[in-house]
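Colleague: I have a model open and some questions about its inside. Can we go through them one by one?

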Amino acid sequence: MKILATTFLLLTVLSCSLIAQNAPAGLLTDLLSGTGGNRYPNENALVTSNMPSFSWIVPGVRQGTMQLKYRILLADSKEKLDKGKGNIWDSGFIKSAASVAVLYAGPALQPNRTYYWKVKVVTNTDGESNWSFLKVFTTGNQLETYKASTEKLRKARQVAKTKLLAANNYQTFDFGKDAFGQLNLTLNSETGNDTVLVHMGETQEHSRVNSKPAGTIRYRMQKLVVKKGEHSYTVNIEADKRNTGPGAIKMPDYIGEVLPFRYVGIEGMSIQLPVSKVSRMVVNYLFRDNTSNFKCSNDTINQIWELCKYSIKATSFAGIYVDGDRERIPYEADALINQLGHYGVDREFCMARATSEYLLEKPTWPTEWILQALIIAWNDYLYTGDSRSLAANYDILKNRTLTQLIEKNGLISTTTGLQTPAFTQSINFNGPIRDIVDWPVSETDGFVFNTYNAVTNAFHYKALQIMEEVARVLHKNTDAAYYRTAHQKLKTVYNDTFLDAGKGLYKDGNATDHSSLHANMFALNFDLVPEAHKLSVLNFIRSRGMASSVYGSQFLMEALYKGGDEDHALSLLSSGSIRSWYNMIRVGSTITLEAWDNSFKPNQDWNHAWGAAPANIISRKLMGVEPLTPGFETVFIKPQVGTLSYADATVPTIRGPISLSVKNNPNNYQLHVVVPANMKAMIYLPKKFSAARVTSNGKAIVIGVDSAGLPEPISILSGTYTFSMTAK
């Protein structure tokens with residue numbers, strides 16, 4: 001009987017495994033994944049749209065697998081769905097390749113209800129699939145046709161990893177990494193008259209928690225009266241006046257106040273505590289650690305990847321992108337880098353969308369960051385394929401292009417009197433905005449501010465370009481034509497005003513001869529540089545090194561990869577100088593810093609995700625994986641690994657993970673890539689050899705060259721491919 005039972009169990013497991021392989025997976029309801037079946041109360045996200053969208057990963061590993069049809073069932077009970085009854089909605093088989101952002105088309109959902117759905121598909125390679133596992137979700141108290149939702153915050157218990165020895169009844173515990181959380185202790189007192197001092201902080205010194213850290217690196221001390229016997233205690237974390245002020249994101253009641261800390265010091269106890277008695281409840285947004293990975297031949301870059309990936313996770317504690325712990329306020333610049341980093345390390349889209357829409361309602365003061373709202377909103381659409389946020393926020397997005405500030409010369413300025421009350425109201429702001437270039441101002445490479453600034457107008461140009469695309473997506477053709485004309489005209493005016501053709505460089509403004517890194521890197525990054533001047537601009541950018549802040553490094557790295565200078569980009573990425581991500585590791589932080597070092601920003605904090613640019617630069621630029629069309633219907637894959645001998649990565653997308661591996665030897669280059677079902681790809685191989693034999697899955701192929709002499713892209717469908725180039 002035992003053998004039969006074991007055999008039955010194995011067959012059941014095998015059967016379930018086969019079903020899972022031939023069924024849609026990764027179901028998202030309104031982009032949410034954590035909508036049911038979780039371990040802790042209050043973890044289940046609520047759907048706030050009464051007409052939500054559905055997304056799934058299409059099954060299939062054969063070459064060229066594409067979805068032909070789908071069918072969705074939605075029911076108000078698990079029992080009905082198990083019986084194949086979609087009593088709320090049965091879509092029937094729909095002839096469509098759509099597998100992301102598929103809009104619900106049944107009767108409007110009701111508030112405070114629990115629903116169940118599942119999906120099956122038909123593909124061109126495997127025919128009709130099995131049904132997916134069911135997805136359960138609950139609607140909120142108030143529903144709208146469209147309203148962005150976010151996942152609930154979660155708590156996870158972590159026990160201290162190691163104990164540091166200190167004298168005078170002072171015991172220090174190390175959790176290994178900094179995290180936002182709450183401290184739990186299990187203490188024993190024989191008398192009940194003991195009072196201990198509990199120290200919590202982000203740094204340690206001489207095996208004690210550093211009680212006087214620099215800047216706004218966190219430290220707290222709390223007295224704790226210990227009762228007789230052994231008891232568990234949750235250490236009270238008092239609210240900080242600044243990061244719980246009117247503009248800050250408040251922690252929800254179901255979580256409570258948190259503090260970022262790595263080290264805990266217990267002072268005044270004669271009894272030695274084991275590490276098992278010291279734990280913390282770490283607060284994070286839903287995060288799947290195994291969704292992404294990266295490994296290459298340079299261990300410094302591997303460490304930087306882990307630092308930045310963890311930073312995205314650790315700083316998700318507020319449920320919306322904030323600027324670290326000092327203020328806990330959302331800013332567009334922080335949100336943009338956070339958004340791209342989040343896409344690079346997890347299959348998560350709601351936090352970025354919620355932050356984007358929050359900042360459209362509550363913008364911040366820098367001119368360039370007002371304009372960045374367009375980039376953030378467009379990224380959301382590219383990565384999700386869901387245009388509802390663009391449609392819901394169309395009018396405010398138009399205003400955020402700042403066309404209201406265009407002067408007669410065709411450029412925008414914040415200092416010529418056009419910032420009227422009507423203007424500030426149109427962008428939902430309550431005062432004047434002003435140019436920033438970089439932050440802090442000491443990191444602007446000597447930028448000379450003028451009436452008309454090159455960096456501000458570069459962002460304006462990018463915003464106009466994006467607005468044209470947004471208008472086209474929403475079929476607003478008259479607006480699209482207007483924005484197309486506007487950005488084409490601006491490009492001419494921009495180069496007439498800011499380009500010093502003799503030097504082949506961009507000036508900071510209309511009335512200065514000074515050329516900064518920033519004026520040139522933004523022009524290159526946003527495609528404003530004429531072909532004849534790209535090399536001189538790139539050479540200048542290279543000569544300036546990392547003459548920007550951790551925020552500016554995002555755009556610097558993008559510009560270098562866009563200019564094809566992967567070697568210099570790699571040197572900056574792997575640098576060990578004071579202006580480097582490795583310096584953040586060297587000084588002892590486990591979350592990215594607000595600045596390269598304390599010496600550059602005396603009040604900086606050690607938990608700032610805008611310092612985590614490599615979380616997206618590695619996946620998007622070094623490994624070269626970006627959406628070419630919305631929702632990753634077509635993916636752009638162009639690895640630029642420089643001198644690395646190998647690099648492997650798994651990059652999450654809404655359609656499933658893309659796996660790729662590069663082997664970069666002196667006489668041979670190999671790219672192995674796995675493209676998920678229902679996705680197309682454009683593969684760009686490097687020009688590594690003057691003459692080469694190229695194969696795809698062992699078969700010789702011929703690749704053409706473009707006008708610049710670079711290999712033309714290879715168009716492929718989903719599946720597994722190995723491209724090899726061998727020098728002739």
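Colleague: What volume does the second largest pocket have?

Modeller: First, this is a predicted model, where local features need pLDDT of at least 70, side-chain atom pairs count only at pLDDT 80 or more, and totals for chains, interfaces and linings use all residues. Residues are numbered from 1 along each chain as its sequence is written, and side-chain values use heavy atoms, with hydrogens and water left out. On a 1 Å grid over the protein atoms alone, a pocket is an open set of points where a 1.4 Å probe fits, with protein on both sides within 12 Å along at least five of seven lines. Points are joined across faces, edges and corners, and the volume is the space filled by probe spheres set on them, which for the second largest pocket comes to about 500 Å³.

Colleague: Which residues that line the second largest pocket are the closest to its centre?

Modeller: A lining residue has an atom within 4 Å of a grid point. There are 18 of them here, and the closest to the centre are Ala148, Ser149, Thr150, Glu151 and Lys152.

Colleague: Which element gives the most to the lining of the second largest pocket?

Modeller: Helices (H or I, at least four residues) and strands (E, at least two) are DSSP runs, numbered from the N terminus. Both β2 (46–49) and α5 (350–361) supply at least two lining residues each. The most, 3 residues, come from α5.

Colleague: How are the rings of Phe180 and Phe317 arranged?

Modeller: Rings of Phe, Tyr and Trp (its six-membered ring) pair if their centres lie within 6.5 Å; planes under 30 degrees apart count as stacked, over 60 as edge-to-face and the rest as tilted. That rule gives 31 aromatic pairs. For Phe180 and Phe317, the centres are 3.7 Å apart and the planes are at 5°, so the pair is stacked.

Colleague: How far apart in sequence are the parts that Phe180 and Phe317 tie together?

Modeller: Both residues are buried. Phe180 lies in strand β13 (170–189), while Phe317 is in the loop between α3 and α4 (332–345), so the parts they tie together are separated in sequence by 137 residues.

Colleague: And how are the rings of Trp369 and Tyr551 arranged?

Modeller: Trp369 is buried at 4% relative accessible area, and Tyr551 is buried at 1%. Trp369 sits in helix α6 and Tyr551 in the loop between α13 and α14, 182 residues apart. Their ring centres are 5.8 Å apart and their planes are at 70°, so the pair is edge-to-face.

Colleague: How many of the residues of helix α12 are buried?

Modeller: What covers its buried residues includes α10, α11, β23 (505–506), α13 and α14. Contact here means heavy atoms within 4.5 Å. Among the buried residues are Leu517, Phe522 and Asn525. For helix α12 (517–525), the buried count is 9 of 9.

Colleague: Which residue just after α12 takes a positive phi?

Modeller: Most residues other than glycine have a negative phi, and most peptide bonds are trans. Just after α12, a positive phi of about 65° is taken by Asp527.

Colleague: Is Val437 buried or exposed?

Modeller: Val437 is found in the loop between α9 and α10. It has a positive phi of about 70° although it is not a glycine. With a relative accessible area of 1%, Val437 is buried.

Colleague: Is His206 buried or exposed?

Modeller: His206 is in the loop between β15 (204–205) and β16 (208–209). Its phi is positive, near 55°. At 70% relative accessible area, His206 is exposed.

Technical notes
Buried means under 20% relative accessible area, exposed over 50%, partly exposed in between (1.4 Å probe, protein chains only).
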